[in-house]
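Good morning. Please look at the sequence and the model on the screen, and I will walk you through it.

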Amino acid sequence: GLNLEDYNNLLISQEFRCKGCLTHQSDLNYPLHVDHCHSTGKVRGLLCRNCNSVLGLAKDDVSVLNNLINYLSGQ
């Protein structure tokens with residue numbers, strides 16, 4: 001349910017960067033993906049393919065993502 005004007009406004013508000021890794025749109029070979037909450041449908045922001053995939057593979061589960069952060073931090 002996001003139109004082109006809404007997408008462009010999000011892009012501008014995010015300074016043309018992925019909301020996750022901050023990669024600039026100009027450094028990607030594809031447009032940023034619209035990320036949304038699967039239970040509410042609410043748009044959360046624009047993400048690069050990698051960041052969008054990470055959230056999808058983790059099933060948007062914050063505890064999984066926190067466990068992975070702790071794992072990478074050696075804790």
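This is a predicted model: local features need pLDDT of at least 70, side-chain atom pairs count only at pLDDT 80 or more; totals for chains, interfaces and linings use all residues.

Which residues of H1 are the buried ones? In H1, residues 4-13, they are Tyr 7, Leu 10 and Leu 11. Looking down the axis of H1, you find these buried residues within an arc of 100 degrees, so they line one face of the helix. As a general point, an α-helix has 3.6 residues a turn, so residues three or four places apart point the same way. The other side of H1 has exposed residues: Glu 5, Ile 12 and Ser 13.

Now the start of this helix. Asn 3 caps the N-terminal end of H1, with a side-chain oxygen 3.1 Å from the backbone nitrogen of Glu 5.

Let me step back to the whole chain. The protein has three helices and two strands, and read from the N terminus the order is α-β-β-α-α. There are 75 residues, and 23% of them count as buried. The C-alpha trace spans about 45 × 30 × 20 Å along its principal axes. The accessible surface is about 5600 Å², and carbon and sulfur atoms account for 55% of it. If you take the contacts between residues at least 6 apart in sequence, 34% of them join residues at least 24 apart. On charges, there are 6 positive and 7 negative ones, and their mean positions lie 5 Å apart.

Next, the loop between H1 and E1. Gln 14 is in this loop. Is Gln 14 buried or exposed? Its relative accessible area is 10%, so Gln 14 is buried, the cut-off being under 20%. What does the side chain of Gln 14 reach? It reaches the backbone nitrogen of Leu 46, at 2.9 Å. Leaving aside residues up to four places away in sequence, Gln 14 touches Lys 19, Gly 45 and Leu 46.

Some backbone angles deserve a remark. Most residues other than glycine have a negative phi. Just after H1, however, Glu 15 has a positive phi of about 55 degrees. Leu 22, also not a glycine, has a positive phi, near 70 degrees. Leu 22 sits in the loop between H1 and E1, and with a relative accessible area of 53% it is exposed.

A further case is Asp 60, which is not a glycine and has a positive phi of about 55 degrees. Where is Asp 60? It lies in the loop that runs between helix H2 (49-57) and helix H3 (62-73). Asp 60 is partly exposed, at 29% relative accessible area.

Lys 59 is in the loop between H2 and H3 as well. Lys 59 has a relative accessibility of 70% and therefore counts as exposed, since the cut-off is over 50%. How far apart are Lys 59 and His 38, in sequence and in space? They are 21 residues apart in sequence, and 9.4 Å apart in space from C-alpha to C-alpha.

Conventions: Residues are numbered from 1 along each chain as its sequence is written. Side-chain values use heavy atoms; hydrogens and water are left out. Helices (H or I, at least four residues) and strands (E, at least two) are DSSP runs, numbered from the N terminus. Buried means under 20% relative accessible area, exposed over 50%, partly exposed in between (1.4 Å probe, protein chains only). Contact means heavy atoms within 4.5 Å. Accessible areas come from the Shrake-Rupley method with a 1.4 Å probe; for residues, only the protein chains shown count as cover. Lys and Arg count as positive and Asp and Glu as negative; His and the chain ends are not counted. The place of a charge is taken as NZ of Lys, CZ of Arg, CG of Asp or CD of Glu. The arc is that of the directions from the helix axis to the C-beta atoms. A polar contact is a pair of N or O atoms within 3.5 Å; within protein, one must be able to donate a hydrogen and the other to accept it, and residues adjacent in sequence count only if both atoms are side-chain atoms.
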